[in-house]
Amino acid sequence: MNTPATASMSHPAAGTGAEPASESAAESAQAPTSGSPPRKVTIATAWLDGCSGCHMSFLDMDERLIALADCIDMVYSPLVDSKTLPDQVDVGILEGSISNEEDLHKAREFRQRCTLLVSLGDCAVNGNVPAMRNPFKLDAVIERAYRDNVEVNPQIPTEGVPRLLPVVQPIHGVVKVDIFVPGCPPRADAIHYVLSELIAGRTPDPSQVTRFGA
Amino acid sequence: MPLPAPQANVRVVTLKIDGLDLSAREDETLIEVCRENKIPIPSLCWMEGLSIVGACRLCMVEVSGSNRLVAACSTRVAEGMEVQTNTEQLQRYRRTLVELLFAERNHVCSVCVSNGHCELQWLAQTCGVDHVRMPYRNAGYEVDSSHEMFRVDHNRCVLCTRCVRVCDEIEGAHTWDVMGRGSDCKVITDLARPWGDSSTCTSCGKCVQVCPTGALVKQGTSVGEMVKDQQFLPILARRRHLR
């Protein structure tokens, strides 16, 4: 599942991959150019195979979002209107696992364009509920969902929907991930901690504030 | 190894753990001394009151003068021993061990009845396991709900064998045992018959209470509802010892 490169990836706190990236995110946020306000950290988020609960938890930061808005710029997300992912983003946040070709495409696009990639929530971090289909063959899963349990006009959708992958994978199973934030969903406090640390130019250690299944 | 029989005249030895000068009875193990002195060592198969199998290897420590790591649960204290419990090497090994447990079976914490009360989940957090670097095996294991009070979900079993030992050593029923090798290894009731058909099970529930994960649980519990009570074990074990 993992390439050797991702398999040998070290803990984010000690990781070499995360540090330069978060520094650059911090630099771009803090480097004051004379006269003009510091550039905000740009953030993009996407919702892959998940339930949107992690994005809901993001919104649960409530009034803290207003303070965050001074430091971050949401350039692409289900939570904002813009429909295209910019070419260069400081922090990419992915919710959900890699279950179909669209998820795979999105993850690769995010990895390419985001300096720092964050896996948000258990589906992104370990596959979680979407990955519970993995012990079964994909054909059997589709049969079960679209034929066995359907009484009226059973049919398998093929048009306008991305093809399902045989095995559901966590994000780091297909692209390199810098920060892992487990939890189902991670509490708003945990997300706030991670974002605050990144904005301050530090590498967060999410194990202090969240866990699998939190 | 069996639990040591209480001795009439026990000597006291002195040793150093993480730089702390400590004294201990000579029949104590390293993990017991660490627990008494609030030195945290992760463990999974070890449990106060049960015999020692040294299977999970999470409690491994470094002992000066020895070039291999030893399990704190199965190593007796000795005079002048110098022990390190939390070096970078040990942290790395423990993290890997916990990750392998997660990769082997299907521990989906978010939908587990033991969510929030699970020793494996807690170990992952304390060992800094925020993701699993190995590929998941994705092999499905069976769930046996045939017992009217309890359920076994092999997807969540870590093969610590606490259930096997408590059933044999404390309850005296020996309903549980271990069958198969490698990834086929699993705990079984009687001769791999459904738990509900067992003629030896007394339905005492001790196995459920000592199980560190959501593998052995009460029927009728929902996500996060399975809270385990392990208070009975040291009390029963001590009484058995004194007889």
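User: How many Å separate the centres of domain 1 and domain 2 of chain B, taken over C-alpha atoms?
Analyst: The two centres are 24 Å apart. The contact draws 15 residues from domain 1 of chain B and 21 residues from domain 2 of chain B, where contact means C-beta atoms, placed from the backbone, within 7 Å.

User: Which residues does each domain cover?
Analyst: Domain 1 of chain B is 12–86 and domain 2 is 91–242; the bounds come from an automatic or database domain assignment. This is a predicted model, where local features need pLDDT of at least 70, side-chain atom pairs count only at pLDDT 80 or more, and totals for chains, interfaces and linings use all residues. Residues are numbered from 1 along each chain as its sequence is written, and chains are lettered from A and ligands numbered from 1 in the order in which they are written.

User: OK, chain B as a whole: how many helices and strands?
Analyst: Chain B has six helices and ten strands. Those are DSSP runs numbered from the N terminus: H or I with at least four residues for helices, E with at least two for strands.

User: And why call chain B as compact as a globular protein of that length?
Analyst: Its radius of gyration is 19 Å, close to the 18 Å that the globule rule gives for 243 residues, so chain B is as compact as a globular protein of that length. The radius is taken over C-alpha atoms, and the rule is 2.2 Å times the number of residues to the power 0.38. The C-alpha trace spans about 55 × 50 × 30 Å along its principal axes.

User: Switching to helix α4 of chain B: which of its residues are buried?
Analyst: B:Arg162, B:Cys163, B:Val164, B:Arg165, B:Val166, B:Cys167 and B:Ile170 are. Buried means 20 or more other C-beta atoms within 10 Å of the residue's own, exposed means 12 or fewer, and partly exposed is in between, with C-beta atoms placed from the backbone. With seven of its ten residues buried, α4(B) (162–171) is largely enclosed by the rest of the structure.

User: What covers them?
Analyst: The cover includes β8 (176–179), β9 (186–189), α5 (206–210), β10 (216–218) and α6 (232–242) of chain B. Just after α4(B), B:Gly172 has a positive phi of about 80°.

User: Which UniProt annotation covers 89–128 of chain B?
Analyst: The unreviewed entry gives "domain: 4Fe-4S His(Cys)3-ligated-type" there. UniProt positions are in the numbering used here, feature names are shortened, and annotations may be inferred rather than shown by experiment. In the model, residues 89–128 of chain B are 60% helix and 0% strand, and their end C-alpha atoms lie 14 Å apart.

User: Last one: is A:Asp178 buried or exposed?
Analyst: A:Asp178 is buried, with 24 other C-beta atoms within 10 Å. A:Asp178 is in the loop between β6 (164–169) and β7 (179–181) of chain A.

Notes. Two residues are in contact if their C-beta atoms, placed from the backbone, lie within 7 Å.
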